[in-house]
Amino acid sequence: MNTTTRRLRTTVIAAMTAAAAVVGLTAVTGLLDTDAQAATPSSAQPVAYGRHGARIPRVVAAWADAWNTANPQKMGALFTKDGVYQDNAFQVAMTGPEGAATWITITEQSVKNAHVDVVDAFRSGDKIAVRWNFSGTDTGAFDKDVPATGKSFTVPATTVIDLKGDKIQHLTDYYNLADLLRQAGLPSGPWTPPGTTPPAASPATGTK
C-alpha cells in the first residue's frame with residue numbers, strides 16, 4: 001500500500017468514525033429531547049397569542065379562548081375536580097369544572113361580548129400570572145332595577161393561576177369593579193380620597 005493510498009484510507013476511516021459519533025450524539029440528544037418533552041406539561045409549552053404576539057402558556061391561551069368563544073365546556077375542562085375560579089371584583093368563587101363553566105354562563109348573561117385580550121403571561125413552576133384587558137357591554141343584568149345602558153367598558157385585569165399537573169387548581173381574577181361600572185354608566189360608588197380625582201380608564205397595553 002503506497003503512501004497516498006494509506007493517507008486516503010486513514011482519512012476515510014476518520015470521517016466514518018466522526019459520522020458515527022455525530023449519529024450517536026444525535027440519537028442520544030433526540031432521546032433527551034423526547035424525555036424532556038414528555039416530562040413537560042402541555043400547559044407549560046408557550047404559544048403565540050393574539051395581536052400582541054406574546055408567548056404564553058397553553059393553558060392561558062385555552063382559558064382566553066374559552067372566554068372569547070363563550071364556551072362553558074372548554075372552561076370547565078381546564079379545572080381539577082376541586083379547582084376554584086375566583087373573581088375578586090364580584091366577590092364570587094365557583095368550584096370544580098361545573099362551577100367554572102357556570103361562571104362563563106353567568107357572565108354572558110350580564111356582559112354582552114365579554115372578551116379577554118391577553119397582553120402577556122409569565123410562568124414560574126406551577127404558578128402563572130396573566131396581564132390582560134377585560135371588555136364587554138352592559139346588558140342590564142348588573143342591576144335588575146336599572147335598564148341596560150348599552151355602554152361598553154374596557155378595564156385592565158390581572159389573573160393568578162395555580163396549576164396541579166395540566167389542570168387549574170385555583171384561578172383568581174383581579175380588576176377594578178368600580179371602574180367597570182363607571183364606564184358602563186352604572187352607579188359604582190367608588191371612594192375618592194380628598195383632593196384627588198378618579199383615574200381615567202387605562203387599559204393595560206402591550207409592548208410588542
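The legends below describe close-up views of one predicted model.

Local features are described where pLDDT is at least 70 and side-chain atom pairs where it is 80 or more, whereas totals for chains, interfaces and linings use all residues. Residues are numbered from 1 along each chain as its sequence is written, and side-chain values use heavy atoms, with hydrogens and water left out.

**Figure 1. Overall fold and confidence of the predicted chain.** The chain has five helices and eight strands, taken as DSSP runs numbered from the N terminus (helices H or I, at least four residues; strands E, at least two). Their order from the N terminus is α-β-β-α-α-β-β-α-β-β-β-β-α. The average pLDDT, the predictor's confidence in each residue from 0 to 100, is 76, and 63% of the residues score at least 70. In residues 2-41 the pLDDT is below 50, and this stretch has seven contacts in the model beyond near neighbours in sequence; a contact means heavy atoms within 4.5 Å. Among contacts in the chain with a separation of 6 or more, 53% are between residues 24 or more positions apart. The chain has 208 residues, of which 34% are buried (buried: under 20% relative accessible area; exposed: over 50%; partly exposed: in between; 1.4 Å probe, protein chains only). Its accessible surface is about 11,900 Å², with 59% belonging to carbon and sulfur atoms; areas come from the Shrake-Rupley method with a 1.4 Å probe, and for residues only the protein chains shown count as cover.

**Figure 2. The Trp63–Trp132 pair, between helix α2 and strand β6.** Seven aromatic pairs are found in the whole structure. Rings of Phe, Tyr and Trp (its six-membered ring) pair if their centres lie within 6.5 Å; planes under 30 degrees apart are stacked, over 60 edge-to-face, and the rest tilted. The pair of Trp63 and Trp132 is edge-to-face, at 5.3 Å centre to centre and 85 degrees between the planes. Because Trp63 lies in helix α2 (residues 58-68) and Trp132 in strand β6 (residues 127-138), the pair ties together parts 69 residues apart in sequence. Trp63 is buried at a relative accessible area of 0%, and Trp132 is buried at 2%.

Figure 3. Phe134 belongs to strand β6 and Phe153 to strand β7 (residues 152-164), and the two residues are 19 apart in the chain. Both Phe134 and Phe153 are buried. One aromatic cluster takes in Trp63, Phe90, Trp132, Phe134, Phe153 and Tyr175.

**Figure 4. The largest nonpolar core, with helix α2.** A nonpolar core is a set of buried Ala, Val, Leu, Ile, Met, Phe, Trp, Tyr and Cys residues joined through side-chain atoms within 4.5 Å. The largest one has 39 residues, and Val60, Trp63, Met75, Tyr85 and Val130 have the most contacts inside it. Helix α2 gives the most to this core, with seven residues. The buried residues of α2 are Val59, Val60, Ala61, Trp63, Ala64, Ala66 and Trp67. Apart from neighbours within four places in sequence, Trp63 contacts Met75, Leu78, Tyr85, Val116, Val118, Val130, Trp132, Thr159, Leu171 and Asp173.

**Figure 5. Val116 in strand β5.** Val116 is part of strand β5 (residues 111-124). Its relative accessibility is 3%, so Val116 counts as buried.

**Figure 6. The β3–β4 hairpin.** Strands β3 (residues 79-87) and β4 (residues 92-95) pair in the antiparallel sense over four bridges; two strands pair if DSSP finds at least two bridges between them. Tyr85 has Met94 as its bridge partner in β4. Four residues lie between the strands of the hairpin, and Gln91 in the turn has a positive phi of about 55 degrees. Gln91 is exposed, with 64% relative accessibility.

Figure 7. Most residues other than glycine have a negative phi. Ala70 has a positive phi, near 50 degrees. Ala70 is in the loop between α2 and α3 (72-76). With a relative accessible area of 31%, Ala70 is partly exposed.
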